[in-house]
Amino acid sequence: MRIILTRIILASLLAFLAACSDQSESPSQPGLWKAGLQLNWVPEPEFGGYYAARDAAAFQAEGLEIDIRPGGPGVPGLQMVAANQVEFGITSADSLLVARARGADLVAIFALYQTFPEGIMVHAERGLKSIAEVFNGGTLAMEPGTPYYRMLERRYGLKQVRAVPYSNNLGPFLHDPSFAQQCFITAEPIAARRAGATPQVFPISEIGYNPYSGVIFTRRQLLAEHPERVAAFIRAVRGGWQAYLADPEPTNQAMHRLNPTMDPATFTEAAALQKPLILGDSSPARPLGTMELERWRTLAEQLRDLGLIERVEPEQAFVNPE
Amino acid sequence: MLLGASLEILLRTNDVPAYLLPPPSAVWQALLRYGSELTRATLQTAIAATSGLLASAVIGGLSAVLLSAHPWIRRAFYPYAVFFQTVPIVAIAPMLVIWFGYGLKAIIAAAFIVSVFPIIANTLTGLLSTDPALRDLFRIYRASPLTTLLKLRIPSAVPHFLTGLRIASGLAVIGAIVGEFVADTFQDGGGIGTAVEIAIKEQKTDKVFAAVLMASLLGLGFFAVVNGLSQWALRRWRIAEISE
């Protein structure tokens, strides 16, 4: 696992270096605009639409040549885009607002997950009824410092629970029936079930914290200089996601070749699980990835109340291109 | 001071954004602003690092004495000691959680694992490299192996042991921080490793550097204590030698 991750990181680093040297040369195919999309994890269904767009040559059709760069733990996507090392990155809306508050002028242009895909995973045998009951005892593994960790801490307190670091390792969860942990709703629960546990998941969105996630972002300067390129990119991305949602299998096979540690069945299951999170519950159907000012405002106010940002300026943080 | 000032000027004249690399003045302000929080975290890490270092000193010292007893013992067990030197602590830290559970024990274990080898290796060198003339003298007087060990080998190994301890002191701090990344229980705040994690997540680059600075200060403090100890111990040892 670690070796493969290292290889992926090395490969993406090499791809990155190659892309850097390419930028000074003339584009390989005349007329195509070259740009990079830095993912925040290894190829998994949460990036299916981007690979679907690539495989269907949707980017070329829009006059673009997009280099999809797999990420991994600790790839600083926000900093890389802010420092103009790559054109587009993927993050969650809360991280983007915090980065903006620190002085990076980044703008969200597409929000894949309309519902926040993080949750708390517990063993179903505990018979817990709500997220509040998770804080009544046992061990809880979370990344300290995420906004929703702060919110949970403030709301329920950590007096009765033992808070420990979250790692990308299911061992402690499988080992201890009173162990709870944060999870990506479409990832860890599947793996835990495979390993013989019966996980139960409380989505974070239940407590009223629901930032957009899987958010594509770029620098404001790029958006201002080339709005038509950004719009073309989003059109291709949207087409890719529509294709992936309709039939994920061909793309899943392509991604499985890039990330062999995830087996094909998990790809299929995760792709099905994430569908409602992407489509959302908006009754008037809107184009995929569209964002609303009110959602950004609510989030910005929550982050301000948590002391993570000073000013609420949601209208600055996003654009629905076109 | 000069280094800090030139870095400050360099960053400011080149307009490097603070979220990529904060200037020293911003780090200093972060130190002031988060001082009490970071001090508490550093003290918590200090407890784990001290315990790990003490365990290394005792277990490492005793292991070296055992290893020095006979070449066969060295051949049989020294490879295991070398194993501790080469173990990638980041990779096995998650296993420490499985073995020792979350909390102080696993963190102390991480500090111990990375800091024990320099003590074993240096002490062993000291125990084995006694002055041949003195060894002959002990043989002439028919000193028992135990007497030779206590009166000759161990005293002559003390400076080597202290050198090992000096190297181990910095490593113990690193080990404790790596241990905290995977095993810290932070419902009451957590150690400096957790403080670094939080500052990274909250994208407070200045606080990250302030926390790292505190960790370095902790290492420096350990080094100073070991140095002081070593001067005190070596002075006594020399006086004892002269009076004999």
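This is a predicted model: local features need pLDDT of at least 70, side-chain atom pairs count only at pLDDT 80 or more; totals for chains, interfaces and linings use all residues.
Strand S10 of chain A, residues 213-219, is mostly tucked away, with 6 of its 7 residues buried. S10(A) has strand S3 of chain A (residues 88-91) as an antiparallel partner, the two being joined by 3 bridges. Within that pairing, Gly89(A) has Phe217(A) as its bridge partner. Strand S4 of chain A (residues 106-113) also runs antiparallel to S10(A), and here 6 bridges make the link. Ala111(A) sits opposite Val215(A) of S10(A).

Val215(A) turns up again in the largest nonpolar core, which has 141 residues. Along with Ala108(A), Ala110(B), Ala111(B) and Ala211(B), Val215(A) touches the most other members of that core. Helix H6 of chain B (residues 104-128) supplies the largest share, 16 residues. Chain A takes part through both of its listed domains: at least three residues come from domain 1 (2-115 + 211-317), and at least three from domain 2 (118-207).

Of its 16 residues, the number buried is 0, so H4(B) lies largely in the open. From first C-alpha to last, H4(B) reaches 22 Å, close to the 22 Å expected at 1.5 Å a residue. There is a bend along the way, of about 45° at Phe77(B), and a proline, Pro79(B), follows within four residues.

Back in chain A, two loop residues have a backbone angle worth a look. Ala57(A) is not a glycine, yet its phi is positive, at about 55°. This residue lies in the loop between helix H2 (48-55) and helix H3 (58-61) of chain A. Is Ala57(A) buried or exposed? With 10 other C-beta atoms within 10 Å, Ala57(A) counts as exposed, because the cut-off for that label is 12 or fewer.

Asn84(A) is another residue other than glycine with a positive phi, near 65°. Its place is the loop between helix H4 (77-82) and S3 of chain A, and S3(A) is the strand that pairs with S10(A) through 3 bridges. Asn84(A) is exposed, with 10 other C-beta atoms within 10 Å.

Notes. Residues are numbered from 1 along each chain as its sequence is written. Chains are lettered from A and ligands numbered from 1 in the order in which they are written. A nonpolar core is a set of buried Ala, Val, Leu, Ile, Met, Phe, Trp, Tyr and Cys residues joined through C-beta atoms within 7 Å. A residue is buried if 20 or more other C-beta atoms lie within 10 Å of its own, exposed if 12 or fewer, and partly exposed in between; C-beta atoms are placed from the backbone. Domain bounds come from an automatic or database domain assignment. The expected span of a helix is 1.5 Å times one less than its number of residues. The bend at a residue is the angle between axes fitted to the seven residues ending there and the seven starting there. Two strands pair if DSSP finds at least two bridges between them.
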